Amino acid sequence: MHYVYIIQSTKSGGFYIGSTKDVIKRLKEHNKNTTRSTRHKGPWSLVLQEEFDTKCEAIKREHYLKGLKGNSVFKRLLINSVPIV
């Protein structure tokens with residue numbers, strides 16, 4: 001399985017969208033500042049996770065969500081998502 005995830009910085013409120021095979025491992029990497037694009041912007045919390053059968057499907061969804069980032073559709077997606085604990 002492959003996943004698309006959205007994390008939110010508890011520091012700035014900003015969002016990051018990515019894809020991976022292991023969301024928990026990836027979130028730990030973001031919080032350890034080992035990811036260049038999110039370094040020193042965390043800590044991060046997981047706000048959305050979607051599951052896909054193939055890497056190709058996940059990457060397509062990731063790119064689609066990145067295109068929505070900041071608009072009303074993106075905000076509705078986050079509001080309607082089930083909170084992740």
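Which residue in β2 is the bridge partner of Ile6? The partner is Ile17.

1. Basis of the model. This is a predicted model, in which local features need pLDDT of at least 70 and side-chain atom pairs count only at pLDDT 80 or more, while totals for chains, interfaces and linings use all residues. Residues are numbered from 1 along each chain as its sequence is written, and side-chain values use heavy atoms, with hydrogens and water left out.

2. Confidence. The pLDDT is the predictor's confidence in each residue, from 0 to 100. The chain averages 89, and 95% of the residues score at least 70. Helices (H or I, at least four residues) and strands (E, at least two) are DSSP runs, numbered from the N terminus. Among these elements, helix α1 (residues 23-31) has the highest mean pLDDT, 96. Helix α3 (residues 72-80) has the lowest, 78.

3. The hairpin. Strands β1 and β2 (residues 15-20) pair in the antiparallel sense over 6 bridges; two strands pair if DSSP finds at least two bridges between them. They form a hairpin with 5 residues between them. In the turn, Gly13 has a positive phi of about 85°.

4. The nonpolar cores. A nonpolar core is a set of buried Ala, Val, Leu, Ile, Met, Phe, Trp, Tyr and Cys residues joined through side-chain atoms within 4.5 Å. Buried means under 20% relative accessible area, exposed over 50%, and partly exposed in between (1.4 Å probe, protein chains only). The largest core has 11 residues, including Ile6, Ile17, Phe52, Leu65 and Phe74. Two or more of its residues come from each of β1 (2-9), β3 (44-52), α2 (55-68) and α3. Apart from this core lies another, of 8 residues, among them Ile7, Tyr16, Leu27 and Trp44. In soluble globular proteins, nonpolar side chains tend to be buried together.

5. Aromatic pairs. The structure holds 2 of them. Rings of Phe, Tyr and Trp (its six-membered ring) pair if their centres lie within 6.5 Å; planes under 30 degrees apart count as stacked, over 60 as edge-to-face and the rest as tilted. Tyr5 and Tyr16 form a tilted pair, 6.3 Å centre to centre with 40° between the planes. Tyr5 lies in strand β1 and Tyr16 in strand β2, so this pair ties together parts that are 11 residues apart in sequence. Phe15 and Phe74 form an edge-to-face pair, at 5.5 Å and 80°. Phe15 belongs to strand β2 and Phe74 to helix α3, so the parts tied together here are 59 residues apart in sequence. Phe15 is partly exposed at 25%, whereas Phe74 is buried at 2%.

6. Salt bridges. There are 3 in the structure; a salt bridge is a side-chain nitrogen of Lys or Arg within 4 Å of a carboxyl oxygen of Asp or Glu. Arg61 and Glu50 meet in one of them, at 2.7 Å from N to O. This pair links distant parts of the chain, with Arg61 in helix α2 and Glu50 in strand β3. Glu29 bridges to Arg26 at 2.9 Å; they are 3 residues apart in helix α1, so about one helical turn separates them. Glu62 and Lys66 also meet at 2.9 Å, and they are 4 residues apart in helix α2, again about one helical turn. Glu62 is buried at 10%, while Lys66 is partly exposed at 39%.
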